[in-house]
Amino acid sequence: MVTPASADGATADHDTSAPPPLIELRAIRKSYGGKTRGPDGKPLPTTEVLRGVNLAIRSGEFVAIVGASGSGKSTLMHILGCLDRPTSGEYRFAGQNIAALNADELAWLRRVAFGFVFQGYHLIATESARENVEVPAIYAGVPMAERAARATALLTRLGLGERLDHRPGQLSGGQQQRVSISRALMNGGHIVLADEPTGALDTHSGAEVMTLLDDLARAGHTVVLITHDRDVAAHAHRTIEIRDGEIVSDSQDSAGASHGHGARASFASPALLDARAFMAAMQDGVAHTASFLAETREALRAAWRVLWINRFRTLLTLLGIIIGVASVIVMMAVGAGTEKQVIEKMASFGTNRIYVIPGGDNPRGPGGTLSMADVDIVREVPNVGMAMPFLATYATARYGNVDAQAALWAVTEDAPTVLNWKTSRGTFFTADDERRLATVVLIGKRMREKLFGEADPVGRYVLVNNVPFQVIGELEEKGASSGDSDDDNVILMPWSTGARRIVGTTNLSWISVLIDRLDLADDTEKRITAALDAAHRVHDFQVYNRAASVKAQTETQSTLTLMLGLIAAISLVVGGIGVMNIMLMTVRERTREIGIRIATGARQRDILRQFLTEATLVSGVGGVLGVVCGLAIGAILIAVGAPAIFSVRAILGAFACALLTGLVFGFMPARQAARLDPVVALASE
Ligand code: ADP
Ligand code: MG
């Protein structure tokens, strides 16, 4: 049998025929302070906690490290377990220099080689006993069913078969410690590192735990037991005493190679002990993780657990996102609804219209008149579809002994198109009626009601300003009344008849122009102005472009929608800050949990994913609640009669924004969590 490395490990000589010790420390030093600053801002004085520790532990040994409180035992254990790096010196694991390994590789080593048992148990409070035991296997990528079976078997073997679903808080100290031992064994637990495992336990539970460790050592596990209690240390086969960061005695030096544990050493994953196989195993192990889907599902499950436990706090934090998403949906719906309403209203007035009105800009300037000659000039302008003379006045109509005041519009046969107005009864007058100065009229619905009640007016005669006219049709109800004029209380007659027989002037009230292409409206307006200017030689008219005002109105509308969207965006940002706040709080509250997860083999990216998943889930829940609220408010608005049109794009967009907010604002806290130093994290409350 090969003599184990002496206390002076630095001189150990590597014979290729002899396997290297499982663990070999050479001149390990660890100091705190120097760089880190204390509360007063000055660098803390450097304290050297380990001062040149040389130690070799062979596979299958049961070693106790004893020493007074503060002698550096825990610091040594953190270094042994790859939770901490020494300030100087060399740590060889199975002959490999650990200093060369990156963070992922160290995580792998913790996962496959070590199992930690702490004085304070260090269980995750929100998870059940079985889930706690499963944690190391999650990070090793063991499938769910296999994991659960192994955890159940381990807990049952340790006498906790009845307590699988209990939370740590529902277990006694001794039971919690047995859960943590099960967890240490989950991935094999080749090396069990136990730091004062009985420190917090009563005598009976302490004895039980020690029996368990004895059993493990007998079964071939390498056990490193740290204690200040010599009685506890007596269980071990080898006792190393540490004082002020230095090894002062090692029972093996005096006793020589004693126990026949070498025979069972093969238990501790033989592949790991072969220097060549070690690297290959590591490459495999680092690369092997569960599928992305399985990992995400795992992260979602854990995230949901935490959310549910803190549901009230989470809900409050989510208000920002809920309000943001709901307002995006409602505002978009109302915006779209109002816009549609405005456009419909505009369309009923006619958007592709230009009006030429007599009278210049200057009220003291020339009065100006428009005549039929001007209508002919306008008709020649390109893009003008129709130009219609319009003579508007008031008249009295009489039927039998009923008198009624009405608006009188003298127009041409183009009116149905230009005014976008159809007849509901009878027919419109024709170009022939226009030429013959025919005494025919059409009446609006209100007019008909006043004169004829519900009777059909077509064919009857009415007196308009005492001139008899035959009613040849009734106009469809317009409904929309602007100001105090009622479009349905109207009489329409041929322009020529109206001008000659009723009004007695051929001066037009205005010219209504229908243009073919709306996009050329501005150009057409200019051309009409130019043509009339040329004919009149003075600018004694005004051109009013309906299309332009519609455009302006829709622009106002979209500005409004944009503003509403901006308000919604602001509430999303506020929501995002809420998410960031709750995540920072979560990370702070769960620092020790993060330490536990890292100690059991989680990589930085596992922690990052866990907290990002939580942030995204939080905001996703907020998004869903926001969508529900938004739809509910919108439904109420619709029920009340407000214009609202839901758009799937707005709903999906708002939800996606919420998710994105969670990702963006959750990233910083998640990265903070992933970068925690495991030793510091484990020590936190
Ligand atoms: P033991 O486990 O033997 O009681 P520790 O290894 O926990 O001792 O601590 C050894 C010494 O190192 C103590 O004096 C302690 O104050 C100091 N120490 C431990 N951790 C830190 C740290 N993070 N920063 C500064 N000093 C530390
Ligand atoms: Mg300690």
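Predicted model: local features only at pLDDT ≥ 70, side-chain atom pairs only at ≥ 80, totals over all residues.
Me: What volume does the largest cavity have?
Reply: The volume of the largest cavity is about 170 Å³.

Me: Which residues line the largest cavity?
Reply: Among them are Glu 127, Ile 138, Tyr 139, Glu 295, Arg 301, Arg 597, Asp 606 and Gln 610. By class, the lining of the largest cavity has 7 charged, 4 nonpolar and 1 polar residues.

Me: Which domains give at least three residues each to that lining?
Reply: Domain 1 (60–86 + 103–291) and domain 2 (305–343 + 553–683) each give at least three residues to the lining of the largest cavity.

Me: Changing topic, what is the volume of the second largest cavity?
Reply: The second largest cavity has a volume of about 70 Å³.

Me: Which residues line that one?
Reply: The lining of the second largest cavity includes Arg 110, Arg 111, Phe 114, Gly 115, Phe 116, Pro 136, Arg 183 and Asn 187. Its classes are 5 nonpolar, 3 polar and 3 charged residues.

Me: Where does the largest share of that lining come from?
Reply: Strand 6 supplies the largest share for the second largest cavity, 3 residues. Helix 2 (103–113), strand 6 (114–117) and helix 5 (173–185) each supply at least two residues of this lining.

Notes:
Residues numbered from 1 in each chain as written. Chains lettered and ligands numbered in written order. Heavy atoms only, no water. 1 Å grid on protein atoms, 1.4 Å probe; cavity = no way out; pocket = protein on both sides within 12 Å on 5 of 7 lines; lining within 4 Å. Points joined across faces, edges and corners; volume = space filled by probe spheres on them. Nonpolar A, V, L, I, M, F, W, Y, C, P; charged D, E, K, R; others polar. Domains from an automatic or database assignment. Helix = DSSP H or I, 4+ residues; strand = E, 2+ residues; numbered from the N terminus.
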